[in-house]
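I opened the model to look up its pockets, a helix, its aromatic pairs and a few strands. My entries follow in the order I made them.

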Amino acid sequence: NWVESLDFNYIVLKDDDDIDENVNLLLLCGGADFGKRPERDIREHKWFMQAYSRVPIVGICRGMQMANVLLGGTLKDITNESIIHAAHKDETVLHIVELLNGGIFQVNTRHHLAIDEKCVDFKVLAKSQDGVIEMAEAENSLFVQWHPERIEVRGTRAETIVSQWIKNKLK
């Protein structure tokens, strides 16, 4: 529903699809941990490498984590951090994110993995108060640890940062 609300045409790529001249943005969604679903990992790895630095990419949660790993970074389990980052399926957990250039806003959270060593390409834009990287950019790409597509942040800064970035890239 969120993608449809952005009012642009989209397709859901199939397993054997490639990123070609008809694709003008790649959206990598959240989901199971990177490394837990080999078929999905292989497919999204291929698409990411075909798109990176050529087509704008938005990585949400798992998409951010995957991009960091594919570009040479590592992940860590943050289950025991001071801020709760993991939520159960029907639960909403919110926490504060601080922009490195100033300002704070609230995001939703549904993850137990986060960036440990960031890849060289990532420029960090925001962190949670416990130091977890929540937003980064690299090579015409935006990566966020939160879920802008979820209803609990619709219309908030957490959602509009991502939706405006996408709209600007698709002009």
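**Second largest pocket.** I looked up its volume and found about 250 Å³. A pocket here is an open set of points on a 1 Å grid over the protein atoms alone, where a 1.4 Å probe fits, with protein on both sides within 12 Å along at least five of seven lines. Volume is the space filled by probe spheres set on the points, and grid points are joined across faces, edges and corners. I then listed the lining, meaning residues with an atom within 4 Å of a point. There are 19 lining residues, and Cys-29, Gly-30, Gly-31, Cys-61 and His-147 are the closest to the pocket's centre. H1 and H3 are the elements that give two or more residues to this lining. By type I read nine nonpolar, six polar and four charged residues. Nonpolar covers Ala, Val, Leu, Ile, Met, Phe, Trp, Tyr, Cys and Pro; charged covers Asp, Glu, Lys and Arg; the others, Gly among them, are polar.

**Basis of the entries.** This is a predicted model: local features need pLDDT of at least 70, side-chain atom pairs count only at pLDDT 80 or more, and totals for chains, interfaces and linings use all residues. Residues are numbered from 1 along each chain as its sequence is written, and side-chain values use heavy atoms, with hydrogens and water left out.

**Largest pocket.** Its space comes to about 630 Å³. I noted 25 lining residues, with Tyr-10, Ile-11, Val-12, Leu-13 and Leu-27 nearest the centre. Helix H1 (2-5), strand E1 (26-28) and H2 each give two or more residues to the lining. Helices (H or I, at least four residues) and strands (E, at least two) are DSSP runs, numbered from the N terminus. The lining splits into 15 nonpolar, four polar and six charged residues.

**Helix H3.** Is H3 enclosed or open? Seven of its nine residues are buried, so the rest of the structure largely encloses H3. Buried means under 20% relative accessible area, exposed over 50%, and partly exposed in between (1.4 Å probe, protein chains only). The buried residues are Arg-62, Gly-63, Met-64, Gln-65, Met-66, Ala-67 and Asn-68. I picked out Gln-65, which lies in this helix, residues 62-70. Its relative accessibility is 2%, so Gln-65 counts as buried. Gln-65 touches Leu-75, His-111, Leu-113, Ala-114 and Gln-145, leaving out residues up to four places away in sequence. Contact means heavy atoms within 4.5 Å. After H3 comes Gly-72, with a positive phi near 105°.

**Asp-41.** I placed Asp-41 in helix H2, residues 38-51. Asp-41 counts as buried, at 10% relative accessibility. Its contacts, apart from neighbours within four places in sequence, are Phe-34, Gly-35, Lys-36 and Arg-62.

**Aromatic pairs.** I counted three in the structure. Rings of Phe, Tyr and Trp (its six-membered ring) pair if their centres lie within 6.5 Å; planes under 30 degrees apart are stacked, over 60 edge-to-face, and the rest tilted. Why is the pair of Phe-105 and Trp-146 edge-to-face? Their ring centres are 5.5 Å apart and their planes stand at 85°, so the pair falls in that class. Phe-105 is in strand E5 (residues 104-108) and Trp-146 in the loop between strand E9 (141-144) and helix H4 (157-169), so the pair ties parts 41 residues apart in sequence. Phe-105 is buried at 6% relative accessible area, and Trp-146 is buried at 0%. Next I took Phe-122 and Phe-143: centres 4.8 Å apart, planes at 20°, so the pair is stacked. Phe-122 sits in the loop between strand E6 (113-115) and E7, and Phe-143 in E9, so this pair ties parts 21 residues apart in sequence. Both Phe-122 and Phe-143 are buried.

**Strand E7.** I started at Lys-123, which lies in E7, residues 123-128. Lys-123 touches Met-135, Ala-136 and Glu-137, not counting residues up to four places away in sequence. Which way do E7 and E8 pair, parallel or antiparallel? E7 pairs with strand E8 (residues 133-138) in the antiparallel sense, over four bridges. Two strands pair if DSSP finds at least two bridges between them. Opposite Val-124 I found Ala-136 in E8. The hairpin of E7 and E8 has four residues between the strands, and Gly-131 there takes a positive phi near 95°. E7 also runs antiparallel to strand E4 (residues 94-99), joined by three bridges. Val-97 has Ser-128 in E7 as its bridge partner.
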